[in-house]
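Hi everyone, thanks for making time this morning. I'd like to walk you through a structure that may be new to you, so please have a look at it with me.

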Amino acid sequence: METERLLRVCGHRKVTVADVADACGFSAANVYRYFSSRRAILDTLASHYLRETERAALGCAIRNSYSARDRLSGFLTGLNTALMIFADCEPRVSALLADATTEQWPCYTRHDARLVRHITKILAAASASGEFKPLRDAEQEARRVKAAACALVEPDVVLSCRDRYDASTREAVSRLIADALLNQSVSPSRAS
């Protein structure tokens, strides 16, 4: 909690281990018993916020459970909305997540793998039901979906592009990506 407060007040680039220790009422040596470095502290904090964005995305996917297309679009839109909220309301948290992404911190690598797993599950279920017809295996398609949605799901890109597109445009992009995966053999009545 104190580290989060420090982040919001000072920003992650200025927070030191001594600041964290003082805020928590510990010595710096005691902090080093739990974290090997300042980066490890920031990685843990960024991991917490990345998990929050994932929970928001999964919540949107579940609420939009009418079809795999809706779940995928909801997942991408939900993730984007959570990242936009950080960008608009918590700019220092957004900057932390952008740096974690750009510099490929361990928390981002784990986050990336979890996102691919979530998208893979959606695509695998869609393939099993016949709604989507992936060109390759579901995990490979999930990586392509994530790459196509980088403006929606990558914290650094979201931060740099946040003022370029309104919410309806970002939501339309997520639907466009989901629609692009629709099985071409689906009858027009089922596709709408």
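What is the chain built from? The protein chain has 12 helices and zero strands. If you follow the sequence, the pattern is simply α-α-α-α-α-α-α-α-α-α-α-α. Taken along the principal axes, the C-alpha atoms fill a box of roughly 65 × 30 × 25 Å.

Let's turn to helix 7, residues 106-129. Helix 7 has 24 residues, and from its first C-alpha to its last it reaches 35 Å, close to the 34 Å expected at 1.5 Å a residue. Just after helix 7 you'll find Gly130, with a positive phi of about 85°.

Now for a partner of helix 7. When two helices pack, we describe them by the angle between their axes and the distance between the axes. Helix 5, residues 68-89, packs against helix 7 at an angle of about 160°, and the axes are 9 Å apart. How do we label that pair? An angle over 145 degrees counts as roughly antiparallel, so helix 5 is roughly antiparallel to helix 7. Their crossing is right-handed.

Who touches whom here? On the helix 5 side, we have Ala68, Arg71, Leu72, Phe75, Leu76 and Leu79. They meet residues of helix 7 including His111, Leu115, His118 and Ile119. By class, the residues of this contact between helix 5 and helix 7 divide into 11 nonpolar, two polar and one charged.

Next, helix 6, and I have two contacts to show you. Helix 4, residues 38-63, packs with helix 6 at about 105°, with the axes 10 Å apart. Helix 4 and helix 6 are therefore roughly perpendicular to each other. From helix 4 come Leu42, Leu45, Ala46, Tyr49 and Leu50, and from helix 6 come Val93, Leu96, Leu97 and Ala100. The contact of helix 4 with helix 6 has nine nonpolar residues, no polar and no charged ones.

The other contact is with helix 1, residues 2-10, whose axis comes within 7 Å of that of helix 6 and crosses it at roughly 100°. So helix 1 and helix 6 are roughly perpendicular to each other too. Leu7, Arg8, Val9 and Cys10 of helix 1 meet Arg92, Val93 and Leu96 of helix 6. That contact has five nonpolar, no polar and two charged residues.

Finally, how far can we trust the picture? The chain averages a pLDDT of 88, and 93% of the residues score at least 70. Where pLDDT is low, the predicted coordinates should not be read in detail.

How values were computed:
Residues numbered from 1 in each chain as written. Predicted model: local features only at pLDDT ≥ 70, side-chain atom pairs only at ≥ 80, totals over all residues. Heavy atoms only, no water. pLDDT = per-residue confidence, 0-100. Helix = DSSP H or I, 4+ residues; strand = E, 2+ residues; numbered from the N terminus. Expected span 1.5 Å × (residues − 1). Axes fitted to C-alpha atoms, helices over the stretch in contact; angles between N-to-C directions. Parallel < 35°, antiparallel > 145°, perpendicular 65-115°, else oblique. Left-handed = near helix turned anticlockwise from the far one by under 90°. Contact = heavy atoms within 4.5 Å. Nonpolar A, V, L, I, M, F, W, Y, C, P; charged D, E, K, R; others polar.
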